[in-house]
Amino acid sequence: MAIVTTSKKACSVNPLKMSQPIGGSFAFMGLRGAMPLLHGSQGCTSFGLTLFVRHFKEAVPMQTTAMSEVATVLGGYENVEQAILNIYNRTKPEIIGINSTGVTETKGDDVEGFIRLIRQKHPQLEKFPLVYVSTPDFKDAFQDGWEKTVARMVEVLVDPIEAGAARDRARVNVLPGCHLTPGDLDELRTILEDFGLKPSFLPDLAGSLDGHIPDEFTPTTIGGIGVDEIATMGQAGWTIAIGAQMRPAAEAMEQKTGVPFRLFERLCGLIPNDEFIAFLSEISGRPVPAKYRRQRGQLADAMLDTHFHIGGRKLAIGAEPDLLFDLSSMLHEMGAEVAVAVTTTASPVLERVKTQEVLIGDLEDLEELAKARDCDLLITHSHGRQAASRLKIPFYRAGFPMFDRLGAGHQLSVGYRGTRDLVFDLANLVVADREANHQPTPDTWRTTDGGLQVVPPQLH
Amino acid sequence: MSSLSATIQDVFNEPGCGKNANKTEAERKKGCTKQLQPGGAAGGCAFDGAKIALQPFTDVAHLVHGPIACEGNSWDNRGSASSGSDLWRRSFTTDMNETDIVFGGEKRLYKAIKEVIEKYDPPAIFVYQTCVPAMIGDDINAVCKAAATKFGKPVIPVNSPGFVGPKNLGNKLAGEALLEHVIGTEEPDYTTPYDINIIGEYNLSGEFWQIKPLLDELGIRILSCISGDGKYRELAYSHRAKAAMMVCSKAMINVARKMEERYGIPYFEGSFYGIQDSSDSLREIARLLIERGAPAELMDRTEAVIAREEAKAWAAIERFKPRFKDKKVLLITGGVKSWSVVAALQEAGLEIVGTSVKKSTKEDKERIKELMGQDAHMIEDMTPREMYKMLKDARADIMLSGGKSQFVALKAAMPWLDINQERCHGYMGYIGMVKLMEEIEKALYNPMWAHLRRPAPWDDAGVNWQTKAMAQMDAQAAEIAADPALAEAARRAKKICFCKTVDLGSIEDAIAAHGLSTVDGVKDHTNASGGCGACKGRIEDILAAQPAPVLQAAE
């Protein structure tokens with residue numbers, strides 16, 4: 001069992017963490033016709049927006065209530081009202097998703113109260129979907145913002161259902177954590193459909209941020225799950241939640257509609273996918289399609305081929321809790337040693353990470369510990385690039401943001417196939433690093449004058 | 001807070017700013033900031049602006065006092081290049097939590113400064129204020145002063161919390177911090193008659209190194225670059241420069257002007273984008289240095305270098321002429337620093353659409369500036385569909401613009417090139433202009449476009465989204481044409497002033513109601529042209545088109 005500790009530093013150096021309001025906006029981006037709105041100063045939105053644009057290389061909708069110094073002190077009712085009206089009139093969205101920020105939380109704006117007043121004052125907004133989530137910057141992290149926002153979407157947007165009402169057994173709600181990419185969601189959609197199931201993803205980033213070229217240009221999201229479809233999620237036979245962060249949303253769904261849920265904390269690795277596929281077979285009443293039997297064989301073979309390179313590696317990983325748990329567990333199962341684990345926020349999965357200690361800290365901690373513990377594989381998001389170049393060890397980019405490489409939206413980790421591709425990528429990194437930096441020379445094993453053995457390069 | 005608001009007022013009063021001349025006393029007080037529209041705003045905050053302006057100082061630790069959003073969401077996002085320290089790329093933040101909000105964050109900030117000094121020992125620390133600590137009353141000036149005394153190291157407060165205004169205000173507040181706390185605090189080991197400051201240059205993608213070898217060759221020493229590839233000590237003794245070049249006027253005009261006022265360092269506003277501008281800037285540097293005592297032969301050597309470099313650049317551009325024959329460029333940006341980019345594009349044989357100007361007389365220069373200025377605003381305001389139609393209507397072969405419009409251009413299967421700050425290639429000086437031509441050629445002639453424009457096998461040819469979008473726009477146009485009431489509404493809805501969001505109808509109504517006859521009159525009643533002023537010409541046209549009797553009757 002890992003001990004979870006928190007860094008005692010007054011100064012965070014090279015943050016791993018990002019703020020929870022933009023995690024909330026990220027969740028709204030998986031809804032069709034959505035405009036995420038941050039209630040804060042314009043910088044709160046513009047920093048988040050830039051980060052998303054750099055990650056996805058797509059136009060990303062996101063707006064601000066543009067709080068000035070004066071408005072911040074006097075309260076933001078007028079700014080929220082104007083922002084909603086402007087967005088409603090100019091971009092004709094299907095939903096506006098509002099997250100608070102540090103600025104407006106420090107003042108203590110009652111945004112739920114604002115929204116009630118705005119609905120009264122503007123009858124056209126009476127039934128218009130407005131979802132508000134409190135997400136102060138000075139608490140929690142990106143993943144928490146997503147977690148709270150999706151749970152709130154369920155509470156506000158899903159219609160309650162009568163106890164005896166008929167259910168569509170083939171319908172399955174999928175609540176994915178923010179650590180899954182649009183590519184992961186597409187993979188899951190294919191898998192579920194191959195079992196004859198009809199999935200509804202909430203949120204569905206694969207519909208909006210998979211890079212497709214839209215039929216119609218809109219200033220809002222260009223795809224994702226519609227508010228109408230969310231409303232009917234209570235008719236589904238099951239809810240599948242992916243990542244521990246999705247438990248609150250799944251529980252809210254069950255409470256509101258009686259749809260039972262199954263939480264998969266991981267979908268990377270052989271056994272997690274065995275459990276997942278067995279579950280789909282069970283709820284669909286169908287045998288596992290031949291395709292997945294073949295894919296399982298391919299993954300098994302990939303594990304055989306790559307364990308030579310991954311086994312024994314000392315991993316330093318920095319990621320949000322669910323991604324950290326998923327990837328580090330898979331690599332542990334492949335024979336790697338999880339030597340350093342740094343994360344951003346508390347989570348029940350952390351104590352089950354296969355390591356001694358999980359540190360809630362920053363990338364300086366990750367870099368220093370990786371150096372001290374002689375790690376030879378680094379996994380974190382793109383902000384780890386400076387640490388990687390100083391440590392001179394293979395660096396695999398995972399998580400958000402990934403702004404210095406292309407194709408972030410399509411990187412896979414779920415399913416037999418996603419795991420297969422991931423272990424190949426990791427093993428190839430190790431091989432390339434060995435070829436570039438650890439070639440033996442005639443002097444590699446020569447003893448020095450003092451009779452001491454020169455430390456050989458790593459030749460795994 | 002009072003000193004911050006005084007500083008902001010001071011910045012708003014900047015006499016060196018051309019736009020200020022356009023304003024009344026009352027308007028000047030309000031500042032250069034266009035009122036941000038909730039739900040319709042884009043762009044960074046004042047903190048962002050301050051950080052952008054100062055972060056290129058490479059050996060300084062930049063410490064952000066605030067919750068995680070301000071730094072955690074934004075660090076390592078600029079492409080400035082350093083020839084030395086990489087400290088500037090590391091990120092330092094107090095990552096304030098709930099307890100700090102309740103009890104105040106000053107202690108944490110002080111401890112953070114201590115930790116940074118102990119671990120990284122930088123020559124100086126810049127401490128950035130953000131909204132939340134400003135709201136709860138954290139006094140960063142006092143903390144910085146105490147820390148500087150205690151640790152014997154410059155700890156510079158940069159008081160520019162996000163909510164005081166937009167990015168360009170932050171640029172200037174950053175400049176004020178340098179003027180107040182840094183510039184003039186140290187002395188250089190030696191000076192030469194060839195010492196200059198470069199102000200407002202960030203060395204993005206290392207592009208300043210495309211011009212620096214020429215300065216080196218001429219023996220011109222960059223005493224301090226504010227701030228690209230800059231070092232703290234150079235900044236501290238920058239007051240000993242003989243002359244200065246201000247590269248990005250918007251960002252740091254207050255620094256250039258106040259250094260002239262305080263230290264007698266003359267400056268000029270110039271640019272190294274484009275061949276002509278590069279030559280002009282080199283000449284101007286030489287002229288100012290000679291004025292300040294450098295030997296007159298500097299000008300001869302400068303002219304020789306200019307002649308050589310221009311000849312090389314034009315010869316290199318010659319090669320592109322056959323490739324660019326009959327190719328049209330749609331040039332849209334507020335970010336092009338210089339009209340001479342236009343001149344170079346035209347020289348290479350490209351036709352510029354969207355601007356109707358030919359060559360580089362002074363009037364043309366003003367005209368291009370104006371056209372590009374207003375188009376930049378229009379673009380920000382356009383829906384992507386309208387932008388697509390514009391590309392289509394212009395029959396352009398390539399679009400050159402800032403980052404914002406890129407996804408629309410690319411998704412329209414339109415070759416596109418980034419000429420704004422976020423780009424990854426340097427386009428500075430003579431070499432840079434040739435590089436720009438190379439990039440245009442690569443984009444234009446990529447065989448991929450033809451593949452992308454083919455319909456999918458399951459689509460009827462011509463029933464892709466592009467044609468659908470065009471059909472919809474055409475249908476709308478037809479509907480409007482058929483219905484006089486609609487047509488009138490559409491005509492009146494035409495946006496005239498993009499800064500203040502004023503449409504034609506409102507302006508016509510104001511003219512009719514108050515019998516206005518001048519642009520200033522229109523501005524007083526509708527606010528139109530109260531922003532960047534680029535729409536003045538359009539308002540003049542509207543005034544001219546009004547039936548004369550209306551005007552007379554009212555006057």
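**View 1. Secondary structure and overall form of chain A.** In this predicted model, chain A contains 17 helices and 15 strands (DSSP runs numbered from the N terminus, with H or I over at least four residues for helices and E over at least two for strands). Chain A is as compact as a globular protein of 460 residues, because its radius of gyration of 23 Å is close to the 23 Å from the globule rule (C-alpha atoms only; 2.2 Å times the number of residues to the power 0.38). Residues are numbered from 1 along each chain as its sequence is written, and chains are lettered from A in the order in which they are written. Local features need pLDDT of at least 70, side-chain atom pairs count only at pLDDT 80 or more, and totals for chains, interfaces and linings use all residues.

**View 2. The side of chain A that touches chain B.** In total, 54 residues of chain A contact 54 residues of chain B (C-beta atoms, placed from the backbone, within 7 Å). Elements that each supply at least two residues to this side include helix 1 (20-28), helix 3 (69-74) and helix 4 (77-91) of chain A. Helix 2 of chain A gives the largest share, eight residues.

**View 3. Strand pairing between the chains.** Strand 2 of chain A and strand 2 (residues 92-93) of chain B run antiparallel and are joined by two bridges (pairing requires at least two DSSP bridges between two strands). A:Val13 has B:Phe92 as its bridge partner in strand 2 of chain B.

Note on methods:
Two residues are in contact if their C-beta atoms, placed from the backbone, lie within 7 Å.
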